[in-house]
Amino acid sequence: RDLLLAFARAVDADLPGGSGRGHPDDGFVFFEQPFHVPDPLELREELAFALDDVLSTRILPRLPRPAVVNLIRSPGYVPTKYLSELECRVLDALSDVYGVGVVSHERRVDVSRTGCERAFEYAVVG
């Protein structure tokens with residue numbers, strides 16, 4: 001949590017409308033973390049903090065609305081038991097901020113694998 005707060009301060013300093021304070025290397029600290037498998041409650045708390053407290057409230061509102069957002073499902077890196085929660089929470093956060101309409105995917109992607117509670121429209125591309 002302290003690391004994410006430091007990252008948020010670094011991002012806040014660098015984004016338009018930010019404070020302009022902070023060390024230029026602060027943001028890189030976040031990306032140097034080792035792989036960590038949290039317990040389910042810890043994961044929910046980390047997602048709530050990262051997506052709700054940082055991304056949705058501090059970062060995305062300051063950026064222009066994107067035309068396309070790429071999400072990459074990584075069952076080789078993310079433990080399978082957490083894939084659904086991670087993917088659905090990210091889609092929920094993007095939808096809350098931008099109003100996600102259609103989730104496009106390649107034919108080889110099994111969209112039912114995660115079973116998000118929120119109903120998204122899915123479309124095969126390519």
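Guide: Let's start with arginine 44, which is partly exposed at a relative accessible area of 42%. Buried means under 20% relative accessible area, exposed over 50%, and partly exposed in between (1.4 Å probe, protein chains only). Residues are numbered from 1 along each chain as its sequence is written, and side-chain values use heavy atoms, with hydrogens and water left out.

Visitor: OK, what does arginine 44 meet in a salt bridge?

Guide: Glutamate 85, at 3.4 Å from N to O. The cut-off for a salt bridge is a side-chain nitrogen of Lys or Arg within 4 Å of a carboxyl oxygen of Asp or Glu. This pair links distant parts of the chain, with glutamate 85 in helix 4 and arginine 44 in helix 3, 41 residues apart. Glutamate 85 is also partly exposed, at 24%.

Visitor: How many salt bridges in total?

Guide: Three. Arginine 89 pairs with aspartate 52, their closest N and O atoms 3.0 Å apart. That again links helix 4 (arginine 89) with helix 3 (aspartate 52), 37 residues apart. Then there's arginine 108 with glutamate 106, at 2.6 Å; arginine 108 is exposed at 73%, while glutamate 106 is partly exposed at 39%.

Visitor: Back up a bit. In what order do the elements run?

Guide: α-α-α-α-β-β from the N terminus, so four helices and two strands. Those are DSSP runs numbered from the N terminus: helices are H or I with at least four residues, strands E with at least two.

Visitor: Which residues of helix 3 are buried?

Guide: Leu43, Leu47, Phe49, Leu51, Val54, Ser56 and Ile59. Over the whole chain of 126 residues, 26% are buried.

Visitor: New topic: which cysteines does a disulfide join?

Guide: Cysteine 88 and cysteine 116, with S to S at 2.0 Å; the rule is a pair of cysteine sulfur atoms within 2.5 Å. Cysteine 88 is in helix 4 (residues 80-98) and cysteine 116 in the loop between strand 1 (102-105) and strand 2 (121-124), so the link ties together parts 28 residues apart in sequence. The link is left-handed, at -95° about the S-S bond, and both cysteines are buried.

Visitor: What does threonine 114 touch?

Guide: Arg73, Leu83, Ser84, Glu87 and Cys88, leaving out residues up to four places away in sequence. A contact here means heavy atoms within 4.5 Å. Threonine 114 sits in the loop between strand 1 and strand 2 and is buried, at 5%.

Visitor: And histidine 105, buried or exposed?

Guide: Buried, at 12%. Histidine 105 is in strand 1, and among the residues it touches are Val111, Tyr122 and Val124.

Visitor: Last one: which element has the lowest mean pLDDT?

Guide: Helix 2 (residues 26-31), at 45, whereas helix 3 (residues 40-59) has the highest, at 89. Residues 22-34 have pLDDT below 50, and that stretch has ten contacts in the model beyond near neighbours in sequence. Where pLDDT is low, the predicted coordinates should not be read in detail. The chain averages 75, with 68% of residues scoring at least 70.

Key: This is a predicted model: local features need pLDDT of at least 70, side-chain atom pairs count only at pLDDT 80 or more; totals for chains, interfaces and linings use all residues. pLDDT is the predictor's confidence in each residue, from 0 to 100.
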